[in-house]
Amino acid sequence: MLDIQKQKVFITDVTGRDGFQMEKDWIPTEQKIAIINGIIRTGVKRVELTSFVSPKAVPQLKDAKEVVGGIEKGDTQIAVLVPNKKGAEMAVETEIDEINAVISVSETHNKKNVRKTLDQSIQEISSINRIAKEHGKKLNVGLATTFGCPFEGLYPVQKVEELIRRLTELEINSFALSDTTGMANPQQVFYFVEYLKSAFPEETFSLHLHNTRGMGLSNMLAGVQAGIEAFDAALGGIGGCPFAPGATGNVCLEDSVHMFEQMGIITGIDLELLIGEAKNLESVLGYTLPGQVMKSGQSTKTYQARKESVSKCH
Ligand code: COA
Ligand code: ZN
């Protein structure tokens with residue numbers, strides 16, 4: 001019997017940011033808006049919508065301002081990723097609620113991703129924090145490569161602790177422990193989360209997981225068991241970091257909703273509507289998405305047994 005006390009989880013959809021940033025072919029702005037509005041209609045209460053980044057670095061997200069302008073947000077919180085001050089200044093001029101800054105635990109990945117040393121990035125986050133506070137926006141910080149880095153390999157949790165300690169004085173709303181290239185395993189997730197929660201009892205943590213090695217949902221469950229309530233996921237399981245070798249999709253939104261709801265853990269998201277949105281996304285992108293529940297349907301789905309068919313399965 002699993003020791004799960006939680007009755008509810010809070011899932012942020014990151015399709016518009018982590019999902020789309022990995023798509024090579026241009027997705028027209030109206031299609032991006034329609035997909036995210038569709039996701040919001042399923043009951044998702046927070047989305048990481050896009051990034052205010054250099055259009056040379058991530059051309060797919062060069063329409064960030066227009067996308068924010070087209071969202072029918074209702075009471076859904078809109079977060080956007082920014083890599084620097086310039087991004088923060090652009091973001092606060094739009095109708096967003098939260099800013100997600102990013103820094104990597106691995107200095108090598110940080111340089112590849114935002115072209116800064118960790119010291120420079122901490123300075124930058126301090127400036128982003130000031131801009132966010134001046135405009136009444138929450139600031140969250142994504143800690144990329146928390147569970148290992150494709151350049152630097154695995155490292156002890158104390159390396160993550162050291163970085164968080166340097167950021168705590170900024171009064172950050174929450175830290176997203178991010179498994180950028182799916183290197184984490186469930187035991188490691190449980191241990192890192194327990195360690196960091198007890199090292200920083202005042203801080204709020206969420207998990208941002210990728211399914212690169214098929215451990216995404218298992219890692220999510222390990223996170224729930226260690227007391228995490230907030231997770232990121234992307235429709236159809238798309239996404240990945242363009243600046244990390246071997247990066248593939250986020251943990252799949254509808255697969256995670258399915259898992260949680262089957263376990264009696266409430267997500268507040270309408271799964272059947274969400275499966276419909278995943279199928280729409282597949283036809284927009286024009287290739288088979290990694291999501292599984294969109295192909296098989298819910299586990300409670302039953303079929304009419306035809307008399308003449310003899311099962312040959314074992
Ligand atoms: N939004 C739009 N344009 C930006 C920008 C932003 N946030 N930040 C910089 N730029 C523009 C500059 O104006 C400049 O334009 P120009 O060449 O026309 O003069 C150009 O980008 C280079 O600016 P610079 O400050 O020298 O940045 P850089 O070349 O060192 O790149 C980043 C640094 C962080 C801006 C860039 O690498 C980036 O946007 N990376 C994206 C990271 C990301 O999204 N990772 C995945 C998610 S974790
Ligand atoms: Zn990611």
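1. In this predicted model, an oxygen atom of ligand 1 is 3.0 Å from an N or O atom in the side chain of Arg115. Two further polar contacts (pairs of N or O atoms within 3.5 Å) involve Asn84, whose side chain places an N or O atom 2.8 Å from a nitrogen atom of ligand 1, and Ser54, which has a backbone N or O atom 2.9 Å from an oxygen atom of the ligand. The protein buries 69% of the 930 Å² that ligand 1 exposes when taken alone (Shrake-Rupley areas, 1.4 Å probe).

2. Ligand 1 is surrounded by 19 residues, each with a heavy atom within 4 Å of it. Phe52, Ser54, Lys56, Asn84 and Asn113 are the closest. The shell divides into 10 nonpolar, five polar and four charged residues.

3. Helices α4 (85–91) and α5 (107–114) each supply at least two shell residues (helices are DSSP runs of H or I, at least four residues; strands are runs of E, at least two). The largest share, three residues, comes from α4.

4. Asp18 (OD), His208 (NE2) and His210 (NE2) coordinate the zinc ion (ligand 2) at 1.9 to 2.1 Å. Donors are N, O and S atoms within 2.8 Å of the metal (3.2 Å for Na, K and Ca); water is not among the atoms, so the site may look incomplete. Asp18 lies in helix α1 (residues 15–19) and His208 in strand β7 (residues 205–208), 190 residues apart.

5. Asp18 counts as buried because its relative accessibility is 2%, under the 20% limit (1.4 Å probe, protein chains only). His208, at 5%, also counts as buried.

6. Residues are numbered from 1 along each chain as its sequence is written, and ligands are numbered from 1 in the order in which they are written. Local features need pLDDT of at least 70, and side-chain atom pairs count only at pLDDT 80 or more, while hydrogens and water are left out of side-chain values.

Notes: Buried < 20%, exposed > 50% of the residue type's maximum accessible area, 1.4 Å probe, protein only. Polar contact = N/O pair within 3.5 Å; in protein donor to acceptor, adjacent residues only side chain to side chain. Nonpolar A, V, L, I, M, F, W, Y, C, P; charged D, E, K, R; others polar.
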